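Subject: Structure for you to look at

Hi,

Here is the structure I said I would pass on. Have a look at it first, and then read my notes below.

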Amino acid sequence: MTLTFSLPRDAEATAPPEWHGIPRDGVRLMIVRPDGVGHSVFRDLPELLEPGDLVVVNTSATLAARLSALRADGVVVPLHVAGTLDDGSWVVEVRRPDNDGPDLRVEPGTVLALPGDVRLTLLAGHPDPARPSRLWRARPEPPVDISEILARHGQPIRYGYLAGTFPLSAYQTVYAAEPGSAEMASAGRPFSEAVLVRLMARGIPVVPLVLHAGVSSPELHEPPTAERFAVPEVTARLVTSTRQAGRRVFAVGTTVTRALETVTDDDGVTRPATGWTDLVLGPDRPARAVTGLITGLHVPEASHVQLLEAVAGPDLVATAYRAAVSGHYLWHEFGDSMLFLP
């Protein structure tokens, strides 16, 4: 059963906490255990974990993946660029002029004029051409390096709940290293350099992987599309050895969970790999590698909530969200955090 709840009117984080004088590691942290819920701040995370635990982070860096596109009727609309496919085509979401959701009326053959004298032709719906929805496979003419056009003309993707525009640096984690995510892997945003150092000094290794997050479009509650990932050998080895030693593996966010679970077999062994993952966790596919989770707060009925349930169980997730609503926690990429200790 999908968790449903009403998001309180004032529960959306409208700006990075630094804009309110709060450091990134100063956001609230809910500690969720089977025996109850506790409340802290994120900078206290190292003391809430135990030596021998393992923390896995996503080092994908956020792109300025929002472009202004000119339609044939002369109207300028936001275009969200989810990334590229192996054949060089783009995956994009065309937004309505007011940015209040995707434009579901666009059709194959639509041509959009982009900055830099680039014309983008929508080819077919993605991932299923037979059932077009909000995402499209598109071809730029002339061929252009996507990272170059985004670096020169792009802005960070933003949604209507934000009270202003913020620089790309506000959408990066402190350990971001490899550009590729259309939207920030935001569960890791509250980590500061000081928190990372204290984790390692406490005997809690922090290891990387990469999963380039696409465009989530919060207006439509749908499963994530395929995303590109890489789990290095050292991370896979440490995840397996940590589990075999009876210690806990903490994923920082749903992107890390998705990548780790993609490369973990029925035998519980995590293996290094690169490629694309279309894995969707839920009641029919519980977690095998991840035993604890550090996450932000997701909107009602989002597919991310099912992933949380695959790790922590539906009862614990329901308890957490009830506590978040009653405790006036903040949602979205600049909001508060949860630590699940199932």
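First, the ground rules. This is a predicted model, so local features need pLDDT of at least 70 and side-chain atom pairs count only at pLDDT 80 or more, while totals for chains, interfaces and linings use all residues. Residues are numbered from 1 along each chain as its sequence is written, and side-chain values use heavy atoms, with hydrogens and water left out. Element names follow DSSP runs numbered from the N terminus (helices are H or I with at least four residues, strands are E with at least two).

The main sheet

Nine strands make an open sheet of mixed pairing, in the order β2-β1-β17-β16-β14-β3-β12-β13-β15. Two strands count as paired if DSSP finds at least two bridges between them. β2 and β15 (273–277) stand at the edges with a single partner strand each, so one side of each has no neighbour in the sheet. From one strand to the next, the twist averages 20° (axes are lines fitted to C-alpha atoms, for helices over the stretch in contact, and angles run from 0 to 180 degrees between N-to-C directions).

At the β2 end, β1 (residues 28–33) and β2 (residues 36–41) pair in the antiparallel sense over six bridges. They form a hairpin with two residues between them, and Arg-28 has Val-41 as its bridge partner in β2. β1 also runs parallel to β17 (residues 337–340), joined by four bridges, with Ile-31 opposite Leu-339. Further along, β3 (residues 54–58) and β14 (residues 249–252) are parallel and share three bridges; there, Leu-54 stands opposite Val-249.

Around β10

β10 (residues 135–141) pairs antiparallel with β7 (residues 90–94) over four bridges, and Val-91 of that pairing stands opposite Arg-137. β9 (residues 118–125) is also antiparallel to β10, with six bridges, and Arg-119 stands opposite Glu-141.

Most residues other than glycine have a negative phi, and most peptide bonds are trans. Here are the exceptions I noted. The bond between His-126 and Pro-127 is cis, with omega about 5°, and Pro-127 is found in the loop between β9 and β10. Glu-141 and Pro-142 are also joined by a cis peptide bond, omega about -5°.

Positive phi turns up at Asn-99, near 65°, and at Asp-117, near 60°. Are these two residues buried or exposed? Asn-99 is buried, at a relative accessible area of 11%, whereas Asp-117 is exposed, at 72% (buried means under 20%, exposed over 50%, partly exposed in between, using a 1.4 Å probe and protein chains only). Asn-99 is in the loop between β7 and β8 (111–114), and Asp-117 is in the loop between β8 and β9.

Cores

The largest nonpolar core has 37 residues, and Val-56, Leu-260, Tyr-321 and Phe-340 have the most contacts inside it. A core here is a set of buried Ala, Val, Leu, Ile, Met, Phe, Trp, Tyr and Cys residues joined through side-chain atoms within 4.5 Å. Helix α7 (residues 314–326) gives the most to this core, with six residues. A second, separate core of 20 residues includes Val-57, Ala-187, Phe-250 and Leu-339.

Pockets

The largest pocket holds about 390 Å³. On a 1 Å grid over the protein atoms alone, a pocket is an open set of points where a 1.4 Å probe fits, with protein on both sides within 12 Å along at least five of seven lines; lining residues have an atom within 4 Å of a point. Volume is the space filled by probe spheres set on the points, which are joined across faces, edges and corners.

Of its 23 lining residues, Ala-82, Gly-83, Thr-84, Gly-180 and Arg-228 are closest to the centre. β6 supplies the largest share of this lining, four residues. By class, the lining has 13 nonpolar, eight polar and two charged residues (Ala, Val, Leu, Ile, Met, Phe, Trp, Tyr, Cys and Pro are nonpolar, Asp, Glu, Lys and Arg charged, and the others, Gly among them, polar).

The second largest pocket has a volume of about 260 Å³. Of its 15 lining residues, His-126, Pro-127, Glu-222, Pro-223 and Thr-225 are closest to the centre. Its lining has six nonpolar, three polar and six charged residues.

Cheers
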